[in-house]
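Work through the exercises below with the model open beside you. Try each task before you read its solution.

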Amino acid sequence: MSKPVVAVVGRPNVGKSTLFNALAGGMISIVKDTPGVTRDRIYADVSWLDRDFTMIDTGGIEPDSKDIILSQMREQAQIAIDTADVIIFITDVRQGLTDADSKVADMLRRSAKPVVLVVNKVDSFEKFMPDVYEFYNLGIGDPIPISAASRLGLGDMLDVVISHFPEGAGTEEEDERPRIAIVGKPNVGKSSILNKLAGENRAIVSDIAGTTRDAIDSVVKYDGREYVLIDTAGLRRKSKIKEELERYSIIRAVTAVERADVVLMVIDAVEGATEQDAKIAGIAHERGKGVIIVVNKWDAIEKTDKTMREYENQIRQILSFMPYAEIMYVSALTGQRLNKLYDRIDMVIANQTLRVATGVLNEILTEAVAMQQPPSDKGKRLKLYYMTQVAVKPPTFVIFVNDRELMHFSYTRYLENKIREAFGFRGTALRFYIRERK
Ligand code: GDP
Ligand code: GDP
């Protein structure tokens, strides 16, 4: 199911990070071994009244002069307009209405995107409410008073936010065609790969059911099958500032990965895998998507018979949280091995949707337990009763045990390895839920 995207826009120091932390606090999914993903607060997964959405903080670096603030805010607002289903425009009651606020409000109003106007730092309703009314002048609806720092008014704000979610959110699921997102740092060759894969017979689909985002997706045909290549309009920005470019590539990855079945994680062969690659790959991993690591610009490096092995070792080390990911070495320039990507994508999708019968799973479980004794603590030993697969995309398993506390992370990983030995599941993460049954 494709989750709605909510973007937060506002001047520096109005309290965007504070709001972000208040909403995401304790709600960011903690993925062990995924470097940078949880510390980074460019995006967060939020739940409110059973509605899940992804929140993006479009505010980047801190500008220090007035005109830079305005141009930065315009840029942020444009990203929000291009990528979000709902925009939270956040202002500050203590600084009052500024000229930049009014200009950005004009821009948001013209976009016809749902905008939720939020006035922050209303720490006391009694004291500050008269000042809140001033914000009606922005002409983008009722100002909602909150205090991000004291967590006041957040529920009312979220009620309004989710009321704007598109009706058919998630109906993309009915489209059977595999959806592919191409993500990676700036300049690794994403557009080159997209253009090469799409070729001449690319058709643009701009109307995506169930979303209000301006997605520019292409449908390509290969070997009689159709694939949808996901693109995010407006995010192919060419900024000169490195931090800003990296922020765009994260926002781009989050919004594209959300809608994808398989993610092509592009790495530049000339640079090798980096921490920034790990952050982007972590987004696909957290969301349980199929992943193919595409090492591009393979034409541009000197090679010996050991080169591939060396690259693989380095990539496996940096992206250690996704040992299941496939690796392909390609060149968008020469076209080398690009067509092979389609077969790999098919394989990953087959694995993502594979269902293993409960009987077979429990044979594996019995055998695994016989080969390696489950852990025990204070004289109590873990007992594993039963395992069953409850979902696909990603394949998700529930294991019933006597005591959850005894189920050590390493034992779950051991069982995962046993399942992978039997069924492969190459290219997809697996999820495990441990339940108690007395
Ligand atoms: P950002 O630049 O928009 O991300 O703003 P920050 O979240 O970093 O907040 C800027 C400053 O405003 C910090 O000193 C916060 O502690 C303060 N702040 C944020 N929310 C509130 C609030 O609800 N009330 C008050 N009084 N201060 C706040
Ligand atoms: P993006 O920012 O990730 O979309 O990257 P682009 O597709 O714009 O490519 C960035 C630069 O890398 C361009 O100058 C491309 O010509 C170059 N490039 C892309 N793919 C390859 C490749 O396979 N080999 C070589 N040598 N250069 C490439």
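This is a predicted model: local features need pLDDT of at least 70, side-chain atom pairs count only at pLDDT 80 or more; totals for chains, interfaces and linings use all residues.

**Exercise 1.** Find which residues come nearest to ligand 1, and describe the shell around ligand 1.

Solution. 
- Start with the shell, which has 15 residues. Gly15, Lys16, Ser17, Thr18 and Ala149 come nearest.
- Next, look for the main contributor. Helix H1 (residues 16-24) gives the largest share, three residues.
- Then sort by class: four residues are nonpolar, eight polar and three charged.

**Exercise 2.** Work out how strands E2 and E3 are joined.

Solution. 
- Locate E2 at residues 43-48 and E3 at residues 51-57.
- Check direction: the two strands run antiparallel, with six bridges between them.
- Pick one pair: Trp48 has Arg51 in E3 as its bridge partner.
- Now see the turn. E2 and E3 form a hairpin with two residues between them. Leu49 in that turn has a positive phi of about 50 degrees.

**Exercise 3.** Describe the contact between domain 2 and domain 3.

Solution. 
- The contact takes 13 residues from domain 2 and 10 residues from domain 3.
- On the domain 2 side, strand E12 (290-296) and helix H10 (340-352) each give two or more residues. H10 provides the largest share, four residues.
- That side has six nonpolar, six polar and one charged residues.

Key
Residues are numbered from 1 along each chain as its sequence is written. Chains are lettered from A and ligands numbered from 1 in the order in which they are written. A residue is near a molecule or strand if its C-beta atom, placed from the backbone, lies within 6 Å of it. Ala, Val, Leu, Ile, Met, Phe, Trp, Tyr, Cys and Pro count as nonpolar, Asp, Glu, Lys and Arg as charged, and the others, Gly among them, as polar. Two strands pair if DSSP finds at least two bridges between them. Two residues are in contact if their C-beta atoms, placed from the backbone, lie within 7 Å.
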